[in-house]
Amino acid sequence: MRKQIAAANWKMNMTFQQGEKLLDDILGVDIHLKEHQQVIFAVPFPYLLMTRSEVEDEFNYEVAAQNCYHKKSGAYTGEVSADMLHSTGVNYCIVGHSERREYFAETNAMLADKVNLCLENFITPIFCCGEALSIREANTQNDFVAQQLKESLFHLSAKQIKGIIVAYEPIWAIGTGKTATTGQAQEMHAHLRSVLAGQYGADVANEIPILYGGSVKANNAKELFSCPDVDGGLVGGASLVATDFVEIIKALK
Ligand code: PGA
């Protein structure tokens with residue numbers, strides 16, 4: 001079975017102490033993940049080491065950075081490289097979240113560089129794609145997301161792409177409380193998988209987890225995750241509430 005993943009994206013929320021308590025509350029609940037299930041906490045940079053030590057003894061719990069820079073090293077004050085993340089034991093990194101694309105002008109080409117640097121440093125990118133409302137209204141979302149994959153991922157070999165997690169996050173559903181319907185989610189995830197299959201073949205495409213993100217909540221996770229091509233979620237707001245995130249973890253296939 002493909003990996004099923006509940007990934008928490010804290011964004012720029014929580015003090016260190018609040019973050020520690022949240023992790024304690026979540027990890028204090030006895031959830032035995034199955035072999036194919038995984039929980040990933042994408043936390044702010046200063047909390048990565050604390051989070052890593054919190055999950056150290058937990059089976060299939062992992063830590064992710066929310067971003068890394070698209071250059072190897074050098075005079076880029078305030079930035080963090082993939083190599084630095086690797087050297088602190090971080091194995092996952094969100095790449096191309098729509099908030100980064102929008103507020104920090106990240107382009108598909110820059111994201112291709114980030115993906116490369118992550119892979120060179122043994123970090124699994126959680127690559128985000130997804131369309132704005134205007135694109136959905138014009139019904140051009142399928143071409144739009146295909147182009148995002150093409151420009152940021154399709155230079156990779158089949159072996160490399162198997163080391164990627166894709167997250168489909170329709171921008172109109174992020175933080176809005178407006179979730180894609182299961183029909184919309186499944187349709188887009190199947191489309192993404194077929195785009196990946198077109199480039200790399202069905203066997204490779206079938207191995208790549210595709211997460212859904214955008215107002216995943218405790219009360220809709222089960223339904224969303226039940227879609228055959230939805231392999232879990234990238235969760236913002238609801239990952240900040242222990243009881244809610246625990247329910248979301250339990251909703252994994
Ligand atoms: P949300 O955020 O769950 O608060 O909509 C999801 C995300 O941006 O990853």
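A residue is called buried if its relative accessible area is under 20%, exposed if over 50%, and partly exposed in between (1.4 Å probe, protein chains only). The model is predicted, so local features need pLDDT of at least 70 and side-chain atom pairs count only at pLDDT 80 or more, while totals for chains, interfaces and linings use all residues. Residues are numbered from 1 along each chain as its sequence is written, and side-chain values use heavy atoms, leaving out hydrogens and water.

Helices (H or I, at least four residues) and strands (E, at least two) are DSSP runs, numbered from the N terminus. Strand 5 (residues 124-129) is largely enclosed by the rest of the structure, because 6 of its 6 residues are buried. T124, I126 and C128 point one way from strand 5, and P125, F127 and C129 point the other way.

Two strands pair if DSSP finds at least two bridges between them. Strand 5 runs parallel to strand 4 (residues 92-95), with 4 bridges joining them, and I94 stands opposite I126. Strand 5 also runs parallel to strand 6 (residues 165-168), again with 4 bridges; here C128 stands opposite A167.

A salt bridge is a side-chain nitrogen of Lys or Arg within 4 Å of a carboxyl oxygen of Asp or Glu. The count comes to 12 salt bridges, including these:

| Pair | N to O distance |
|---|---|
| R100 and E106 | 2.9 Å |
| E106 and K114 | 2.7 Å |
| D231 and R193 | 2.9 Å |

Both E106 and K114 are buried. D231 and R193 are both buried as well. Salt bridges that share partners join R2, R193, D229 and D231 into one network.
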